[in-house]
Structures are given as C-alpha cells and as structure tokens.
Amino acid sequence: MDDGVIRKVDFDGKGVVEVLVKGETKSAILASDFENRWVYYTCMLSDPDAEGFERNGEKAEDENGDKIEEIEPTSFTYGIKRVPMDPEDVRNGNAGELVTIPSGQAQGMDIEGGYLYFSDYYEGTLSRLPLDYKEGDEPELLLAGLTQPQYIEVDGSVAYITNDDGHEFVYVDLDTVSPDTEPTVFISDLNGFIDGIHLDGEGGFLWTDKQGMLYRADLDKLLGQGAPVPFDPANDDCFSTVGTGLDKPKGFAFYLWPKSDGLSFKAYNRYNRLGVFPYVEVHEDMPWVLGKFVEPARETDFTVMDPKEGHTYEWVVEGDNGEKHKFEGPVVPKFKLFRTGKHPLLLTEKDQDGNVARQLRSYAEVKYVRRELRTYFEDERERFLDAMRTMVDTPTRQGKMIYGPAYFDMMYYTNLHNQYAGDRFCDHMHNGMGFLPEHLGLTLAMEQGMQVVDPELTVPYWDFTIEGHEIFTQHGGDFEALWDMQVFSADWFGDGGHTEYHTVTEGRWAWQRVEDNCWTCVHNSYGFLRAPWNINNSPYIQRWRTLGGVSSWNVHEGWPICEFHHFALTSYDTWDKFSLKIASEPHGAVHGVLGGTFNSDKNYDKLDEFLEFEDALTLRAHSYNTPKNMWRTGVMNCPDFCPPSASMDECKCSCGPEDELMRRLEDPETFDFFYQQATAGGKLDTELTEAEKKTLISVMCSAGTAIGDQLESASPADVIFWPIHPTIERLFFWRLMKKGFTDATWPEEKSYRGTFYKDLNENCYGHGPNDVMPWFIKLDDENQKWGSYYTGAQFVVASNSADITYSFPFVYDNYVWPHCEEEGYDFQDF
C-alpha cells in the first residue's frame with residue numbers, strides 16, 4: 001500500500017503485481033479476510049486539498065515552531081472500506097466498498113471469529129462489525145473510555161490494545177466486556193512511538209516502534225504479575241529485543257511456520273563432496289551467514305541430511321531474478337545459481353499422510369570461493385589461465401561483441417594500474433594506507449571481468465610462503481630452487497628469467513608482448529605501456545633475476561616466508577600500521593625477485609669504491625625505487641620520446657648536464673634534497689665526504705636503470721601479478737575476522753608515506769578514507785544490480801567478514817597455514 005494504491009503480489013509465482021484499488025486518500029491500516037477474500041483498509045473520505053480543509057485538533061506554529069493557536073475542528077471523516085482480493089481489473093483495481101464510518105478515526109483493525117474489530121483514536125472506543133454485515137448495520141460498541149487507542153490484536157476472546165497514544169498496552173476479555181469496562185494495563189512506560197503489534201502464537205507479544213526496534217514480551221510472565229510492568233529492555237525476564245536498526249518501521253506482519261526440528265541440508269559441489277580440501281567452514285558462524293554456501297555457476301547438489309524413511313521432501317529455491325524453482329525429493333542434483341548474495345530456500349518434509357512434519361527456512365549463500373593456486377582441480381586451473389590468455393589476446397571492443405558489455409581486456413586493467421601508480425604527483429596505489437583497498441578493488445574488478453568470459457572462475461591466491469617453506473625444508477635454503485617449482489612451469493606462468501631474452505619462451509605465455517605505441521596513456525620514452533621512469537625498450541614482458549647487477553637473493557631477505565606473514569598478522573594491531581607494513585616484507589620481495597633491474601650494473605659497481613658492502617647492497621635493492629622517486633620529485637627527468645632504434649643508454653633519464661648538476665648541488669638545500677632521493681632516504685652507515693656524496697648523486701642520476709615488468713607501475717601486464725595480491729588480502733581478511741584492530745582510525749591526512757622525503761605529498765588521493773577508488777565493481781549490497789564505485793573506508797567495512805556489513809561476493813576457502821605451523825608459526829592463536 002502506497003500513495004493511495006493497494007497492490008497484491010503473488011510470492012509463489014513470478015512476483016506478479018495486481019492492483020486492488022487506487023485513488024484513495026490517506027489509505028493506511030490493512031486487515032485481510034482470507035476466508036472470504038476481502039481486504040479491509042482505512043482512508044480519508046474528504047479531500048485534504050480542498051479549500052478550507054484543516055486537520056482536526058492541530059495547532060498553528062510561529063517561525064520558531066512554538067504553538068500559538070488551536071485550529072478549530074472541521075468536517076472531514078475517515079472511513080473503513082474493503083476491496084476484493086481478486087479484482088476483475090488487475091491494472092486499475094475495483095472501487096472500494098464503504099463498510100462503515102467511525103465517529104473519529106480508525107487506528108487499528110483486526111479480523112477474528114467472523115468479526116472486524118477496530119479502534120477509534122479520537123472517540124477512544126473499541127467496536128466490531130460482523131463480516132457478513134448488511135448495508136446500514138451499525139458497529140457494536142464494545143468498549144469506551146480508552147485514551148487515543150491505536151493498534152489492536154484480537155486472539156480468541158481477548159483484545160490487546162495500544163492505549164494512551166502508544167504509552168501503554170491494555171487488554172480486555174471480549175466475553176465479559178461492556179462499554180464501561182476498565183481495561184487492564186499489562187505494560188506501561190512505553191515511549192509513545194508504537195507502530196504495530198502482533199502475537200507470535202507461543203506466548204509472545206511483539207511490537208515495533210519508530211526508533212527501529214522490534215521487542216517481544218512474555219505474556220504469561222506479564223499477566224501473572226497482577227500489576228502493570230514498566231517497560232525496560234534490561235528486564236530480560238519479561239522482555240527481549242528481537243530486532244534492531246530497522247529504518248522507520250510502519251507496521252509488520254508475523255507468520256509462525258513449522259519447526260525445523262533438526263531438518264538440515266548440505267550443498268555439495270566437486271570441491272567439498274570429497275572432503276579433501278578445507279571448505280569455508282570458518283565462515284559458517286559469521287553473523288551474515290544464514291544458510292549454506294553455494295558457488296555461482298557451479299553444479300551443486302542440495303541434499304537433505306538424514307532423510308526419514310517414508311517421508312517426502314519439497315524444495316523452493318529463489319532464482320537469480322526472484323523466480324521460484326520447485327523440486328521434489330531428498331536431493332536436488334546439479335542445480336546452478338549465478339547471482340551472488342542470499343537466495344531464500346524453503347525445505348518441507350511431509351509424512352506418509354502428506355502432512356507437514358518439519359520445515360526449514362534457510363538460504364543459499366551464493367559466494368565465489370577463492371582457492372590457493374595448487375588446490376584447484378587441474379581442468380579448472382587450466383580454464384583460469386586460458387581465460388586470462390583470452391583477456392590478453394582479445395581487445396575490449398571485440399570482446400564486448402563476444403562476451404557482452406561488461407568485458408574488458410587485460411590492457412584495460414593494466415592501464416588503470418599504470419595510470420594511478422605512474423602519476424608524477426604521487427603514487428595513488430602504493431606507499432600509503434590505500435594500498436590494500438586499492439589492490440583489493442583492482443583484483444575484484446579484473447575477476448568480475450574474467451567471470452564474463454567464464455562465470456565459474458575466481459582469481460586464485462598464490463601462497464608463496466609455500467615456496468619459501470619448500471626451499472628451506474627440501475632444498476637446504478637454496479633459493480635458486482624456486483625456478484624449478486611448478487608455478488614457473490611452462491604450463492602455469494613460465495620462467496623467463498633464465499633465457500637470454502629474459503622473457504617466457506615456452507607455454508601459453510611465450511613471447512607475450514608489451515602494449516606499444518601507447519602515447520595516449522601513461523608510457524615510457526619508447527611509447528610502451530610501462531612506467532615513465534622505466535627505460536626498458538624490450539617489446540616483451542621481462543623478468544630479471546638481478547637488482548643493480550647483483551642476484552636478487554643477495555639484496556632481499558630471500559623470499560616472503562611464514563615468519564614475515566606471521567609477524568605482520570600478529571604484530572601490527574592498528575589499521576594505520578598494518579595497512580602500511582603489509583605491503584613491504586610480506587609482499588614486496590615477490591615483485592622484486594620476479595621483476596628485477598638491469599642495464600645499470602657498471603654504474604652501481606662504481607659505488608663499491610667508497611661505500612661499505614651493506615650500503616652498496618641497500619642502494620642496489622632500491623635500484624627500481626630510486627629512479628621512480630628521483631623522477632617523481634623532479635630531481636630527474638626522462639626523454640619524452642625515443643625512437644625504437646635508440647639504445648637504453650641513449651634514452652636514459654638524467655638530472656641534466658653534469659656541469660649544471662654540480663652547479664645546482666652547490667646550494668645546500670638542493671644538495672640535501674638530491675642526496676635524500678639518491679640514497680633511499682640517506683640511511684647509509686658509510687661516512688662520506690661531500691665530494692663522495694656528489695659522486696654518488698651523479699652516479700644515480702646517470703645510472704640508466706631499466707626495470708622488469710613485475711617491478712613497476714604497469715606490473716599487471718605480467719599475468720603472474722594477479723594471484724599475488726589475493727594472498728595479502730587473505731591475511732587482511734583473517735586479521736579482521738579473527739581480531740580486528742585496536743585502533744581502526746584512518747586519518748584524513750598523512751595517510752601517504754610517499755617518497756623518502758616524508759613531508760612531500762602526504763595527502764595523495766587514493767590513500768584517504770573518503771577517496772573514491774577508480775574500480776567499478778559489484779558488491780552484495782544495494783548497488784549489486786548495476787555496480788558502483790566505493791571509497792577506501794567503505795571497502796574496509798565491507799571486508800570484515802566477522803561483521804554483518806560483509807558484502808564482498810567471495811570468501812576465501814580457509815585460513816590455515818599448515819606448512820607454517822611446521823615451522824612453529826601459529827596463525828590461529830594471536
């Protein structure tokens with residue numbers, strides 16, 4: 001019922017809406033007579049828009065809202081009408097049939113025992129009229145002397161009434177009631193904002209109020225007191241809070257269905273049927289989970305647990321568009337749902353006589369499940385890799401014609417990452433508190449794009465601490481063994497670091513090219529879709545195993561291992577620390593080892609002449625970072641254009657002519673600033689003379705460093721990028737679920753760490769809590785149908801699967817690290 005229109009919706013069909021009546025004024029209270037197929041309702045019988053119309057009993061107000069005069073009552077009336085439940089005209093409805101006109105205004109109605117009961121707010125009465133009334137019949141006055149009665153509920157011979165304008169509940173015995181009967185008050189001290197009452201059939205009295213609360217009272221205990229019981233939510237002996245946070249409730253309906261009494265079901269698919277892999281059990285006790293997990297687009301068998309012999313089973317499952325799917329039998333085989341979110345499910349058990357024995361009202365919790373790369377069935381892992389290959393090979397325009405308007409190619413996502421991470425002002429993706437939500441959004445956006453190609457897939461997580469564990473337990477700590485592991489096989493992501501071209505030459509990723517002639521996007525000097533500070537001129541995706549001319553293993557602490565992940569998970573108790581630190585040791589070395597740097601070996605060798613060994617290694621470790629920071633702060637500039645024939649030494653970035661650089665360094669402030677950028681923040685142990693410091697700056701300015709694709713702003717171009725970040729996000733989700741943060745504050749300012757000069761660009765867009773991220777995605781919320789953009793803070797709230805606010809369309813399969821437990825790191829107890 002809205003705006004004078006009363007509609008009927010067929011919930012057992014396809015949501016068909018029929019109009020019962022329209023054009024009424026101020027239609028309000030409804031009561032349904034299902035036996036005779038009538039709907040009763042109240043409405044205003046005079047026109048409130050007519051000239052001279054005034055509300056009865058209201059007072060005028062001055063500009064300050066103070067009452068200044070009472071308006072004289074005028075002649076307008078409310079009536080009770082009825083309309084057939086099955087109208088002849090389902091578009092325009094039937095004309096409402098007038099039943100009776102109360103002296104004042106009917107505020108509550110109920111149908112019981114062949115009568116229509118109603119209260120009169122202004123007259124303070126309770127009356128009734130037989131449902132088989134004849135025209136001209138007058139209502140029977142049952143009770144007078146009420147004070148502004150509102151809602152009523154009749155149960156057999158007892159009528160329960162909201163009295164005193166919503167400040168108390170009273171009841172009367174209809175078998176003995178007379179107009180002058182004094183009703184019995186059983187609950188007092190209410191707030192006056194009651195908006196509906198019901199009995200639950202099991203001794204409970206329920207009501208809602210305008211403050212968004214739903215309460216229940218125990219009638220047996222209340223009526224046994226012998227005196228009114230003041231309402232107190234803390235009095236849990238008599239009262240309980242059933243629901244909170246309702247948005248301006250206006251009445252409610254109540255239905256008591258048969259008990260489930262142990263009736264349950266399982267949703268089996270190829271992963272959980274065998275019980276081999278951990279399967280989302282950790283989520284089942286979360287407050288937002290109301291049913292059994294079902295994966296989208298995956299064949300699922302709904303199966304009754306312990307079915308009773310001789311009993312039959314009926315299923316009703318809501319489909320993707322609200323339609324109802326009905327099945328019979330203890331098993332519903334190979335059923336598929338596609339829309340993520342909650343799908344209501346009704347399971348009914350009937351005995352041999354066809355009577356309902358038990359009934360379960362539950363949900364299919366449709367969520368994607370992200371799994372570790374190695375736990376996929378082989379055919380599904382192949383489909384994931386093939387889908388990514390499709391996104392690499394099929395341009396967006398062509399893909400939209402094949403897969404639909406939601407398709408985007410891999411360049412689209414790589415270009416977005418490069419655009420935001422390769423901005424000269426600041427890095428909108430890294431070095432700040434936005435790192436986690438930004439990459440979470442990017443991965444989800446790409447995942448949902450991939451699901452256009454194959455709707456059953458997710459982006460897996462690659463738990464690279466497993467490789468670290470195997471290196472130490474099976475290969476004596478020899479990190480070179482990494483390259484012989486399965487993830488780098490030609491069938492998976494390939495190993496390009498050992499070839500003379502430093503690109504993958506075998507398998508599906510062989511000779512993958514970098515997008516070129518990309519002059520309208522963020523690009524390097526050769527026009528490749530690469531970071532502007534990266535002078536790499538190879539047309540292929542490259543992986544190097546060196547940093548500044550030294551093996552990556554020598555300048556990193558090996559590889560992200562269990563120790564690093566456990567420390568980050570258990571040691572950073574505030575959101576600001578966790579969000580900043582999770583990007584470094586637990587994750588950064590993967591990009592460093594897979595990407596690497598080259599072409600600047602000889603220049604870095606010059607530093608060995610006057611730097612201590614550890615300091616030289618530190619600068620080599622930052623050989624990918626230093627040119628970025630020097631370029632971003634304006635210390636160094638890169639050519640706008642270099643022809644394909646130009647070598648990298650001919651096209652390298654620089655700080656200007658050598659003599660001009662030395663002249664500029666005479667200024668102490670400039671000298672200090674340049675030195676900070678050239679030395680990873682100036683944190684060197686070697687005592688250097690001023691001349692050595694200038695030499696160091698000169699070497700860094702002319703280093704000519706080229707960078708592997710996994711270690712710069714266009715890193716998603718190398719497809720091994722995509723399973724990396726879900727591993728870190730899994731740690732984040734587990735932290736939120738298990739413990740949360742002692743301080744979840746996300747400051748509006750100083751949320752960006754930026755360059756080594758920490759006072760620069762501390763407010764980089766993308767790292768603030770209210771900054772809107774560029775990823776258009778669909779969460780399981782009110783924006784699910786069309787998708788939306790979200791802020792970083794909204795993403796953090798939506799990520800907390802320990803809270804009712806969790807709305808991501810996926811879950812992780814488990815939060816166990818058995819290989820880390822072997823090393824003594826317990827990820828469960830912190």
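**View 1. The lining of the largest cavity has eight nonpolar residues, three polar ones and no charged ones.** Here Ala, Val, Leu, Ile, Met, Phe, Trp, Tyr, Cys and Pro count as nonpolar, Asp, Glu, Lys and Arg as charged, and the others, Gly among them, as polar. This is a predicted model, in which local features need pLDDT of at least 70 and side-chain atom pairs count only at pLDDT 80 or more, while totals for chains, interfaces and linings use all residues. Residues are numbered from 1 along each chain as its sequence is written, and side-chain values use heavy atoms, with hydrogens and water left out. The largest cavity holds about 80 Å³ of space. A cavity is a set of points, on a 1 Å grid over the protein atoms alone, where a 1.4 Å probe fits but cannot get out; lining residues have an atom within 4 Å of a point. Its volume is the space filled by probe spheres set on the points, which are joined across faces, edges and corners. Among the lining residues you can look for Trp533, Tyr604, Met636 and Cys653. Helix H13 (625-632) and helix H16 (690-701) are the elements that give two or more residues to this lining.

**View 2. The second largest cavity holds about 60 Å³ of space.** Its lining is made by Thr503, Val504, Trp509, Gln512, Ile541, Arg543 and Asp718. Three of these residues are nonpolar, two are polar and two are charged. Searching the whole structure gives two cavities of 30 Å³ or more.

**View 3. Strands S3, S4, S7 and S8 form an open sheet, in the order S3-S4-S7-S8, with antiparallel pairing.** Strands (E, at least two residues) and helices (H or I, at least four) are DSSP runs, numbered from the N terminus, and two strands pair if DSSP finds at least two bridges between them. S3 (30-33) and S8 (97-100) stand at the edges with a single partner strand each, so one side of each has no neighbour in the sheet. From one strand to the next, the twist averages 35°. S4 (residues 38-44) and S7 (residues 78-84) are joined by seven bridges; Val39 has Val83 in S7 as its bridge partner.

**View 4. Helix H8 (residues 562-571) and helix H17 (residues 724-738) have axes that come within 10 Å and cross at roughly 35°.** Axes are lines fitted to C-alpha atoms, for helices over the stretch in contact, with angles from 0 to 180 degrees between N-to-C directions. His565, Leu569 and Thr570 of H8 make the contact (heavy atoms within 4.5 Å) with Thr727, Ile728, Leu731, Trp734 and Arg735 of H17. These contact residues divide into four nonpolar, three polar and one charged.

Note on methods:
On a 1 Å grid over the protein atoms alone, a cavity is a set of points where a 1.4 Å probe fits but cannot get out, and a pocket is an open set with protein on both sides within 12 Å along at least five of seven lines; lining residues have an atom within 4 Å of a point.
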